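Subject: Structure handover

Hi,

Here is the structure you asked about. Please open it alongside this email and follow along.

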Amino acid sequence: MQTTSGTAAARDAAQPELRYPLAGKRVWVAGHRGMVGSAIVRRLASEGCAAVLQAEREAVDLRDPAAVLAWMRQNEPQAVFVSAARVGGILANDSYPVDFLDDNLMIAANVMRAAHEVGVEKLLFLGSSCIYPKHAPQPIAEEALLTGPLEPTNQWYAVAKIAGLKLAQAYRRQYGRDFISAMPTNLYGPGDNFDLQSSHVIPALMRKADAARRAGARGLDIWGTGQPRREFLHVDDCADALVHIMKHYSEDSHINVGSGTDMTILELARAVMKVVGLEGEVRTDPSKPDGTPRKLMSADRIRALGWHPSIELNEGLADTYRWYCEHVVPSLGG
Ligand code: GFB
């Protein structure tokens with residue numbers, strides 16, 4: 001039976017303090033063309049912002065400090081979502097270490113320095129669950145940061161994201177800036193990258209399964225052993241969480257953004273086959289890297305802040321597949 005204090009605690013968790021309302025604010029979504037940035041722009045439509053600012057890539061290269069500062073001075077954002085990043089799946093991370101380390105360091109440093117100089121009121125920096133040690137205890141709490149060696153395939157990206165979250169903390173500590181960081185788990189959804197060499201696992205498996213079904217083939221080829229476990233979150237759930245964090249969270253520590261459950265890549269492959277309508281077996285390829293064995297993040301902190309995901313994996317996969325069929329398949333001539 002629920003106690004009175006339990007009821008009060010549940011109510012407090014459901015209604016966290018509104019620390020930073022976005023209504024009436026000029027909000028910049030850095031990286032608005034990406035999967036996460038475009039989802040944040042969609043989500044902000046119901047927040048009553050004065051403006052949702054978007055910097056086109058041709059107009060400002062976020063790796064160029066002078067260009068970022070000039071754009072910020074001209075556009076005067078009050079709040080910033082740093083969702084711009086060079087991202088990719090396991091193979092891209094492993095193949096282009098300079099791009100993943102250098103681009104992401106530059107983006108984090110330039111956007112935060114300019115935000116400080118123009119007096120941005122609140123900034124949310126986005127990282128990734130790969131910041132945690134390869135063998136962190138599961139589910140991974142925020143405190144596990146820097147307690148052990150990283151997964152080698154994505155250490156370059158992870159180091160850049162760790163530097164970014166530390167930089168946000170440093171601005172908070174040295175200058176009192178309200179800069180915070182969120183670490184989303186593996187994301188998927190409309191707007192994802194479906195290129196087989198550089199994508200994450202969900203778009204890759206969806207594309208391969210769709211091509212096999214259209215060709216009348218059976219079975220799905222996956223990389224690795226199929227045994228690694230991953231936690232997946234639909235990008236619209238992620239955007240909802242990020243807006244929630246922007247409004248309700250103002251702490252030194254970064255905060256995890258996840259669904260709270262994980263599955264093996266083999267289970268994921270079967271779920272994708274079902275959504276796509278492909279019959280047959282899943283064929284593994286142990287010559288390809290598995291990466292981190294497991295990275296389920298603790299969702300305790302974000303749950304305590306009153307946020308829960310609402311999109312089930314099968315529903316999210318179906319939504320993503322519809323988007324793929326509508327937006328990507330035609331360009332493949334399929
Ligand atoms: O999504 P993914 O590329 O990234 O791979 P990570 C997840 C798992 O799926 C790995 C397996 O064990 C892959 O071996 N997998 C199976 C496949 N088939 C495929 C396939 O066809 N394509 C791909 N891509 N994977 C990334 C990091 O790690 O996660 C990034 O490299 C970032 O830096 C991102 O942190 C969230 O989960 O292994």
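The protein exposes about 14,900 Å². Carbon and sulfur atoms supply 51% of that area. Keep in mind that this is a predicted model.

Now the inside. Of the 334 residues in the protein, 50% are buried.

Next, the overall build. The protein has eleven helices and twelve strands. Its radius of gyration is 20 Å, close to the 20 Å that the globule rule gives for 334 residues, so the protein is as compact as a globular protein of that length. Along the principal axes, the C-alpha atoms fill a box of roughly 60 × 60 × 40 Å.

Take the contacts between residues at least 6 apart in sequence: 81% of them join residues at least 24 apart.

A polar backbone atom of Ile90 is 2.8 Å from an oxygen atom of the ligand. For Val201, a backbone N or O atom also lies 2.8 Å from a ligand oxygen. For Asp290, the distance from a backbone N or O atom to a ligand oxygen is 2.6 Å. Taken alone, the ligand exposes 700 Å², and the protein buries 97% of that.

Best wishes

Methods. Residues numbered from 1 in each chain as written. Predicted model: local features only at pLDDT ≥ 70, side-chain atom pairs only at ≥ 80, totals over all residues. Heavy atoms only, no water. Polar contact = N/O pair within 3.5 Å; in protein donor to acceptor, adjacent residues only side chain to side chain. Areas by Shrake-Rupley, 256 points an atom, 1.4 Å probe, with all protein chains shown as cover. Helix = DSSP H or I, 4+ residues; strand = E, 2+ residues; numbered from the N terminus. Rg over C-alpha atoms; globule rule 2.2 N^0.38 Å. Buried < 20%, exposed > 50% of the residue type's maximum accessible area, 1.4 Å probe, protein only. Contact = heavy atoms within 4.5 Å.
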